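Welcome! Please have a look at the model first.

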Amino acid sequence: MLWETVKLAMSSIRRNVLRSVLTLLGIVIGVGAVIAMVTLGNGASTKVQENLAKLGSNMLIVRPGQSTFGPGGTSDARAFDERDVAALKNNLTGIKGVAPTAQKQAKTVYGSLNYDTSVTGTNSDWFAVQDWTLADGRVFSDSEMRAGASVCVIGATITRELFGAQDPIGERLRIGNFSCEVIGHMAAKGQSAFGSDQDSIVVLPLRTYHRRIAGNTRVGTISISVIDANDISRVQRDAEDVLRERRRIVPGEEDDFTIRDLTQILATMASTTTILTGLLGAVAAVSLLVGGIGIMNIMLVSVTERTREIGIRLAIGALERQVLTQFLVEAVVLALFGGVLGIAIGLGLAAAGSAVMDVPFNADLRVIALAFAVSALIGVIFGYFPARRAARLDPIEALRRE
Amino acid sequence: MSGQAPLVSFTSVTRSYGEGGGLVRALAGVDLDINRGEFIAIMGPSGSGKSTAMNIIGCLDRPTSGSFRFLGVEVNGLTQDQRALLRRNFIGFVFQGFNLLNRTTAIENVELPLIYRGMARHERRERAMEALHLVGLADRENHTPGELSGGQQQRVAIARAIVTDPLLLLADEPTGNLDTQRSQEIMELIARLNEERGITVVMVTHEPDMAAHAHRIIHFVDGRIASDQQKAAA
């Protein structure tokens, strides 16, 4: 009986393909929007997770000045120096490492090739704090750090651009009129969360950088890596105390530096995506409502058109419930047809969007199942009224209708 | 439902439509018994109440006053669904306009009442084929009504009406849309069903030639029975 009804519904949809498709547009758009957004959103948040891992987890970033968040740290506030780093390292507990960074754009030269890149002065903690892995070679030794030796570790982009297939270890790289020996090169990390190439980098011991590149002793930012994520806020407070004391900031006076929790920043970014998804969800809901009304409208038309047919069915002994079921199934099949179309279009859009936005494409089966169920539900809700109208027709009146 | 009770029984049945000044009395007090196995023709000018009487016999309509019993059951107190069950189990309808479902094949049309009975597919198919065979259309099972002549369409409609083995076949001007030749064939078919299968037939017609096939002819005038003649030879 149910199968007969479904077949009947299909044939009545086939009879009016164009009308059915136009009716379904609302549902197609609604479901498609939801599927596309959720799938893209999933991909984006997966990417954020990956970036979190890439950044090094549980990281605090210390910058001079009460600057707002952003890459450029140009500020009038006093810069940090090597002793601040030492003080943090000695006074903080539960940390994996403390790494200073001083950074500058410079042209690196090897043989006839050159490449503009970022030159970073730091210590050997930096590699662990930033979660870098060495492809080959080693990091700076303590004596090289102390002596400010002319050694460097290079990122994957530099290896590729300047050395190609050649082994860079032991080669000398020139930065301006200073040259250093490559003692290690790092595995690729890819783009940062903010879209820059993290692998375009040359890393020097901090002292070497200060003397040979910068000509000052400033430290731009200090990264602190905390072992246990639950410890982050405690370490943040401790670091604040250490730095306030070192910079002689009297109680009541504001910090002239900022400590930020990177995890928090990315969480904020992720929640922005969530808000966006929610907003589009609301648009989709309106679209689904319009789609549902479309279905109700077309079902009412269908009931009117087929009054005589309903009369015949009632005369030969169809129960109210059976006529109701027939039209309800028809509405549900119609809505599901729209739902499936919407799911297909949504997934297509998400796949295209993922490629453009460079995020992974992960379709969530649960969301697809939910979209399917919601479509069916719309069919039931908006199909009920027309179906009831059909079921309650007076067979004599219905048969008289032409 | 006692065996002695007439199949259909009217007692002072009236049926009016509208109210106040626009009140129309389609039936103005009808007493009538129809027994099993009868072949009745109902005649009368239009507006005489014969269609209304047919609708009441077919449990599609209910009297305004008086009592209408089907198999001894008072139909006035039944819900629409209960009346649908009576129609489904005991009554077959044949209409002047055939009233087949247009886009479905002959066999699917014949199967329709069985679908509502919830009969299994292969049994349904078998019985529908039997019914089509009986009306001489076994080779037209997959034709849609549009591909069949008027006479053939009416045969499909008759097959649909009898596929459930009804006690009562109600035919509302079954030959009204057919030429003389087809009309005679349809009448012979109906008469045969009455004779061989014992199906009670009540037929509305305004053609005396068609009414001549019946054993009893009832004339309606102005909502009342004007004459009720039993033919001597059955």
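**Exercise 1.** Find the bridge partner of A:Val109 in E6(A), then follow the pairing of that strand.

*Solution.* Start at A:Val109: the bridge partner in E6(A) is A:Arg174. Strands here are DSSP runs of E with at least two residues, numbered from the N terminus. Next, E6 (residues 172-175) of chain A runs antiparallel to strand E2 (residues 95-110) of chain A, joined by two bridges; strands pair if DSSP finds at least two bridges between them. Then turn to strand E7 (residues 178-186) of chain A, which pairs with E6(A) in the antiparallel sense over four bridges. In E7(A), A:Cys180 is the bridge partner of A:Leu173. Finally, two residues lie between the strands of this hairpin, where A:Gly176 takes a positive phi near 60°.

This is a predicted model: local features need pLDDT of at least 70, side-chain atom pairs count only at pLDDT 80 or more, and totals for chains, interfaces and linings use all residues. Residues are numbered from 1 along each chain as its sequence is written, chains are lettered from A and ligands numbered from 1 in the order in which they are written, and side-chain values use heavy atoms, with hydrogens and water left out.

**Exercise 2.** Which residues of E6(A) are on the covered face, and which on the uncovered one?

*Solution.* In a regular strand, side chains alternate between the two faces of the sheet. In E6(A), A:Leu173 and A:Ile175 form the covered face, while A:Arg172 and A:Arg174 form the uncovered one.

Key
Buried means under 20% relative accessible area, exposed over 50%, partly exposed in between (1.4 Å probe, protein chains only).
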